[in-house]
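Let's take a walk through a protein model together. Have the sequence and the 3D view open, and follow along one stop at a time.

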Amino acid sequence: MANRVRAKISALGTYVPPRLLTNADLEKMVDTSSDWIISRTGIRQRHIVDKGVAASHLAVEAAKKALAERGISATEIEAIFVGTVTPDMMFPSTACLVQDRLGAKGAWGFDISAACSGFVYALQTGVKFVESGAHKKVLVIGSDVMSSVIDYTDRATCVIFGDGAGAVVIEPATDDNYCIDYLHEVDGSGGCSLYMPGGGSLNPSSHETVDKKMHYVHQDGGAVFKYAVRNMAEVSEKLLARNGFKPSDVNLLVPHQANRRIITATAERLGLKDEQVIINIDEFGNTTAGTIPLALDSARQQGKLKKGDLVLLASVGAGFTTGAALLRWAC
Ligand code: UT7
């Protein structure tokens, strides 16, 4: 298509709170062992916020780093899209809080609720606004404070999650390094496998909802595991094939970091070698919408991500939401 505007990621910034929650800490809180956690999930530690720190705070720190890397001021940003399922509050949106605190006076924006697919869904939203010509500088953020919705007496969920955020700047591409294509799918029949029943309009917060622990994450871990292994590989394969690529063409798979075994099973299904996959779940746990930008940053720090690399992002989250994005790394 002649003169089609394409969009690229022009900068990346991430932030995790300094406080660590290690497997040894969890051994003292619930009936678990570091060996079990490492062998079943690959996680060794996660970062957890202190009281009073929320998703918008992590988002702002990550966004500041992305803006600094790009060398632009917040006033140049035209739109802010935040993937999160742990907004500071029901409303206003986290995007509004970030807009104010960053001083992004010219930006509008909103939150995107897609759980662990939040970053890839927000990314695609930003990409489309740039490709359409509507905007030239968009901030896309994935930020979650999962520790705010986790029951730290439930060993099946509390060992998995951590807090963290990542932000990218999206701009029109100036060469062949741009976001190529995406494939997102929803299967709402999976809603009952991973959800937080309390606090919404169905079960407004009350003493009863708190007594019944409805304000915490409820998960059928096995069902999520099976769905993730099958679907992350499936959408990835479909996305690559329709763009004329094979898995062997991919320089780096950047998967949602939910469980090391889900990642390795996905990589195996795609026939990828270890060096084609980034795994940092040991350091951060599952930070929901934060995992993919955090993994991109880890890959960059390890020298595994270079300009021009073919990068495949893949996620599965509550919903079920599945997401995949294919791009040539541009910064
Ligand atoms: O981003 C999406 C978010 N969620 C996910 O991706 C979750 C996907 N699922 C998973 O990662 C895994 O299913 C879990 C890590 C949640 C659980 O691992 P699993 O290998 O599927 O364990 P399981 O649920 O089948 O439980 C096996 C055993 C059970 O004991 P019994 O019934 O065999 O005696 C559990 O009670 O392991 C027990 N168990 C634990 N033991 C020690 C469950 N959690 C723990 C724990 N420490 N933390």
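**Starting from the sheet**

Begin with E12 and E13, which pair in the antiparallel sense over eight bridges. Before going on, a word on what you're looking at: this is a predicted model, where local features need pLDDT of at least 70, side-chain atom pairs count only at pLDDT 80 or more, and totals for chains, interfaces and linings use all residues. Residues are numbered from 1 along each chain as its sequence is written, and side-chain values use heavy atoms, with hydrogens and water left out.

The labels are simple enough: helices (H or I, at least four residues) and strands (E, at least two) are DSSP runs, numbered from the N terminus. Two strands are said to pair if DSSP finds at least two bridges between them.

Back to our two strands. E12 and E13 make a hairpin with three residues between them, and in that turn Gly-319 has a positive phi of about 145 degrees. Across the pair, Leu-313 stands opposite Ala-325 in E13.

How many strands form the open sheet, and in what order? There are four, running E8-E13-E12-E11, and the pairing is mixed. At the edges sit E8 and strand E11 (252–255), each pairing on one side only. On average, neighbouring strands of this sheet are turned by 10 degrees against each other, direction ignored (axes are lines fitted to C-alpha atoms, for helices over the stretch in contact, and angles run from 0 to 180 degrees between N-to-C directions).

E8 and E13 are antiparallel, over seven bridges, and Asp-181 has Leu-326 in E13 as its bridge partner. E11 and strand E12 (residues 310–317), on the other hand, run in the parallel sense over four bridges. Here Pro-255 has Ala-314 in E12 as its bridge partner.

**A strand tucked inside**

Is E13 enclosed or open to the outside? Seven of its eight residues are buried, so E13 is largely enclosed by the rest of the structure. Buried means under 20% relative accessible area, exposed means over 50%, and partly exposed is in between (1.4 Å probe, protein chains only).

Take Thr-321, found in strand E13 (residues 321–328). With a relative accessible area of 7%, Thr-321 is buried. Its side chain reaches the backbone oxygen of Ala-114 at 3.0 Å. Not counting residues up to four places away in sequence, Thr-321 touches Ala-114, Ser-117, Tyr-121, Glu-185, Val-186, Ser-315 and Val-316, where contact means heavy atoms within 4.5 Å.

Another inside residue is Leu-296, in helix H11 (residues 291–301). Its relative accessible area is 0%, so Leu-296 counts as buried. Leaving aside neighbours within four places in sequence, the contacts of Leu-296 are Leu-12, Val-254, Leu-305, Val-311, Leu-313 and Trp-329.

Side chains of opposite charge can pair when their charged atoms come close. A salt bridge is a side-chain nitrogen of Lys or Arg within 4 Å of a carboxyl oxygen of Asp or Glu, and a search of the whole structure finds 16 of them.

One of these joins the side chains of Glu-131 and Arg-4 (3.5 Å, N to O). Glu-131 lies in helix H5 (residues 118–131) and Arg-4 in the segment before strand E1 (7–15), so this pair ties together parts that are 127 residues apart in sequence. Glu-131 is buried at 15%, whereas Arg-4 is partly exposed at 37%. They also belong to a network of salt bridges linking Arg-4, Arg-6, Lys-128 and Glu-131.

Glu-185 is in strand E8 (residues 179–186) and Lys-238 in helix H8 (residues 221–242), so to speak distant parts of the chain, 53 residues apart. Glu-185 is partly exposed at 24%, and Lys-238 is partly exposed at 41%.

**And the cysteines?**

How many disulfides are there? The count comes to zero, taking a disulfide as a pair of cysteine sulfur atoms within 2.5 Å. Cys-96 is partly exposed, at 40% relative accessibility, whereas Cys-116 is buried, at 8%.

Conventions. A polar contact is a pair of N or O atoms within 3.5 Å; within protein, one must be able to donate a hydrogen and the other to accept it, and residues adjacent in sequence count only if both atoms are side-chain atoms.
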